[in-house]
Amino acid sequence: MSSLSAFGSYLSNHCQGREIVLLSNDNTHKAGSFGTREDVVFKMASEYARQRQIPRLYVAANAGARIGLAEGVKKLFKVAFKDPAKPESGFDFLYLAQADYDSLTKEKKLVNVEPMSLDGETVYRIVDVIGSEPDLGVENLKGSGLIAGETSIAYEDIFTMTVVLGRTVGIGAYLVRLGQRTIQRKTESPIILTGFQALNKLMGVDVYSTHDQLGGPSIMHSNGISHMVEADHFRAIKSAVKWLSYVPSTRRGLLPISDIRGVDDIERPIGYIPVQGVPYDPRFLLTGGADDQGTWQSGFFDKGSFTETMAGWAKAVVVGRARLGGIPMGVIVTENRMVETIKPADPADLTASETVVREAGGVWFPNSAFKTATAIKDFRTEDLPLIVFANWRGFSGGQRDMFDEVLKYGSQIVDAFVAYEQPVFVFIPPFAEIRGGAWVVLDATINANCMEMYATKGSSRGGVLEANGTASVKYRTKDLIATMHRLDEKLKGLDIQLEECVDDSARIDVEAVIVKRQNQLLPVYEQISVRFCELHDTPGRMKAVGVIKQDVEWREARSFFYWRLRRKLAEFELRRKIIDAARVGRAVNVLKPTEASLLIQKWFLESSGKSEDCWEDDATMLSWMAEQSSSLELKVMEYSKACVTREIVNVLTGGGTTTAIGAAGIVEGLRLSMDQMTTEEKEIFRQNLQRALKL
């Protein structure tokens, strides 16, 4: 009997079965603890999921690594007290009598001992207790390391998720974190490293009274370990099934696209439009929201499709999953309002007190930068396309935040984007901006294979500094005065008067009038300078200098990105086939994704009636790929054939031993291949060979 169960299962996903590997602890057997046998079962089940590239769901409720004692030795050992008459005085060692030692070492050595004399008799001082029972101690920790490593690998290879439905301790807690995606039940399901009783004993005082103080939802949801919290078993499993509905049934498989007919319209305009300068809930951009009159205005994604995760942690960023025209996507959006982070007081520290940290909207802090990077990594291993609604003025660079490693976590955003394989859209929504270091970690050149940047037409902004900051640095008072004298008719006239002055008193009077006029104009010219600087940050200039691909009307953004997404998904699938077709040997360089896209573009432009403008039209491109699917398959096969041909030519013309070994290898390969052919296949192959070589 085992405290761990693992088996395959099917989950409903849009009326079709979905195969998963399900692992769970059995709390009725040794408190659901992990022994070496459970570790092996866990590892084998996880490996099975990785081999089949299917999701792995772990239902966690365990007691951590198993602890045991050698019961056979426990019943027989004796104690050498310092004073047998006063055992409370202490003892010197534990030992076995001769007969007991003989019984314990008859078949297998269960103890290591040292013979010695005690009261004139030979006894055996116990040095090591080995025991006959399995899974007594440190071997279970080795097994814990085994499954910890396997879970870390599984997170990169397949979709992993943990549903915490009971106390999970030690290695169980590490499995939760290593699997990353976590749904935690609200009550009696703490995620802890050590029980509160053990901590109280360690500190010598009863500091903690429950496990929830250490790893309940108030801790784990607030620090991002738990992505979601649900009230009971049913809701937790329901959330897990819904989460699975966003991801492919196998890793790098086809996305599960929903039919949204009767639910929403793909081509509808977006109803919700934020008001400039007025803080708002950024979720309204995604889901829609009520206007000032209480009328519901639709959002970017399909109605009711957005599911937020990690909502309790780093609230300056909102992340989750949603559907666009039925296509699942990961989404990240900036919180533009002031948020609060509450850091609880640790009962173990008598001087500690609860602190509330206020964080400005539109700024990346250490925790929100880490949350952003974590979300991108999760979306990548779920094979989801990603859209980022970006509205960041930069990173918080104060002393505390620099100490709290904001630079490290900001860099992790770049690392996460570099590894991404699905389409990524970075979009500046209405009245939003990207400035300075924030742009650096979002720029499309970070991963040109996958990323594209867009901005809302007219109202979005992007630049090194905000317009006020740029004006204060690059349009100083002397520049303002020069502009006044260039544009203001009164100042122009005064400048002429000043030049015509022949005596000092007249000159002083004119200069005084000029200064007075300058002071009158200074406030409005400061506004003019800010406006002039702001005009350098517009979507029109962003597009002109090539830092964004296109400016998009907000109301039309849903339709635009739907077709863009469909086109990119189809293009990515075709270029993956092209790249795979080129993997034939050492002499042929494997195409980069951008090179594969250029090859697709070449094929497109070679088609009748197709132009560069048509290539940029997503609907036209999709229509062409559908119409030419058979032709494109043939082109990929021809390209693969050309790569194989080039590889063979390079081998046979390489010179020296390369040619001799290569020729022998090709001949041997032909011979082995013919051995596996039928008589009819051999004859056809022989005829083709004779015809090609003119034998």
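Which residue in E23 does Val 388 stand opposite? The legends below describe close-up views of a predicted model, and the first view holds the answer.

**View 1. Pairing of strands E21 and E23.** In this view, Val 388 faces Val 426 of E23 across the pairing. Strand E21 spans residues 386-389 and strand E23 spans residues 424-428. The two run in the parallel sense and are joined over 4 bridges.

**View 2. The open sheet of 7 strands.** The strand order is E15-E16-E17-E21-E23-E25-E27, with mixed pairing. Strand E15 (307-309) and strand E27 (550-552) are at the edges; each has a single partner strand, so one side of each lacks a neighbour in the sheet. From one strand to the next, the twist averages 25 degrees.

**View 3. Helix H20 against the sheet.** Helix H20, made up of residues 557-581, lies across strand E16 (317-324), strand E17 (327-334), E21, E23, strand E25 (451-456) and E27. Relative to E23, helix H20 runs at about 160 degrees.

View 4. Gln 412 counts as buried because its relative accessibility is 18%, under the 20% limit. Beyond its neighbours within four places in sequence, Gln 412 contacts Phe 370, Ala 373 and Lys 377.

View 5. With sulfur pairs required to lie within 2.5 Å, the model has 0 disulfides.

Definitions and conventions: Residues are numbered from 1 along each chain as its sequence is written. This is a predicted model: local features need pLDDT of at least 70, side-chain atom pairs count only at pLDDT 80 or more; totals for chains, interfaces and linings use all residues. Side-chain values use heavy atoms; hydrogens and water are left out. Buried means under 20% relative accessible area, exposed over 50%, partly exposed in between (1.4 Å probe, protein chains only). Contact means heavy atoms within 4.5 Å. Two strands pair if DSSP finds at least two bridges between them. Axes are lines fitted to C-alpha atoms, for helices over the stretch in contact, and angles run from 0 to 180 degrees between N-to-C directions.
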